[in-house]
Amino acid sequence: MTDDASTNAAAAAEPAILRYAAFAARPEGGNPAGVVLDATGLTEQRMLAVAAEVGYSETAFLTAGATEGAYRVRYFSPLAEVPFCGHATVASAVALAERTGPGRYVFTTAAGDVPVEVERGADGLLRATLTSVEPKVEDVPAADVEQALALLGWSAADLDPALPPRIAYAGARHLVLAAGTRSRLARLDYDFDGLADFMRARDLVTLQLVWREAAEVFHVRDPFPVGGVVEDPATGAAAAAFGAYLRELGAVAAPVVLTLHQGEDLGRPGVLSVELRAEDARVRVSGTAVAIG
């Protein structure tokens, strides 16, 4: 093997891994994501191994497309590939913008094409806004709700009757359960293996646990045992699905921008903005991201 070939093989075997905190203004907040800006030549097995080594809830792997700003993106948790990940999308777009300047990207994901725009705010931070694929909301069988509550250690009396359980999708499937109180949301001690099995059987990526503080302000938490993570600190895909859920229920009226607080109970506070437009069923999720280390 020539020296150049050896160098290229080594680069493919050891990709450059960036680390960003998404939906946060400082590295200690939000949700950390791994980002590989050039995943050319990496096999699925290698990407999964890299994600496991990184140890974050997701790592994004990008391969440049044929046109400027176009990328094929795959997302891996430490245990499995997921169809779409919002916080790793935000992290990846900010990482690209730091190198090429703010602008527009199109990420081709397993769930579909996701446009992402990056702008620099007045605070100097880069903010990425993703536009989800077409969302949908489904009813949940009563027996499934009962089983999910039992695995969480919740009771039906813990739920907010104004926000009934549903499965919401905007690139990945999430079971939405609304707590009636902030204290109920703050206590999270669940059957990890049991909930993982329950979710795999129903193709759920996370549970979106929410509490409504005000008309347009929510606190959220996302158990993620199917990814090998007890809890995801800031979940953009679930935020997009939740926006679709609220619109479907008539719980908010578009146009509206919602504020979701997540990660506070983990000591990694983050803020996600969710925009619903009257003329577009898709959901926009935005947030800042900063490099870790």
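Biologist: Which residue is the bridge partner of Tyr20 in strand 17?

Modeller: In this predicted model, the bridge partner of Tyr20 in strand 17 is Ala291.

Biologist: What makes strand 1 and strand 17 a pair?

Modeller: Pairing requires at least two bridges between two strands. Strand 1 (residues 18-22) is joined to strand 17 by three bridges, and the two run antiparallel.

Biologist: Which residue of strand 17 does Ser273 stand opposite, and what joins strand 16 to strand 17?

Modeller: Ser273 stands opposite Ser286. Strand 16 (residues 270-277) runs antiparallel to strand 17, with five bridges between them, and a hairpin connects the two through two residues.

Biologist: Why is strand 17 called mostly covered?

Modeller: A residue counts as buried under 20% relative accessible area. Nine of the twelve residues in strand 17 (residues 280-291) are buried, hence the description.

Biologist: Why is helix 7 described as largely enclosed by the rest of the structure?

Modeller: Of its 14 residues, eleven are buried, so the description applies to helix 7. Among them are Phe242, Tyr245 and Leu246.

Biologist: How does the span of helix 7 compare with the expected value?

Modeller: From the first C-alpha to the last, helix 7 (residues 236-249) reaches 20 Å, close to the 20 Å expected at 1.5 Å a residue. Gly250 follows helix 7 and has a positive phi, near 75°.

Terms used
Residues are numbered from 1 along each chain as its sequence is written. This is a predicted model: local features need pLDDT of at least 70, side-chain atom pairs count only at pLDDT 80 or more; totals for chains, interfaces and linings use all residues. Side-chain values use heavy atoms; hydrogens and water are left out. Buried means under 20% relative accessible area, exposed over 50%, partly exposed in between (1.4 Å probe, protein chains only). Helices (H or I, at least four residues) and strands (E, at least two) are DSSP runs, numbered from the N terminus. The expected span of a helix is 1.5 Å times one less than its number of residues.
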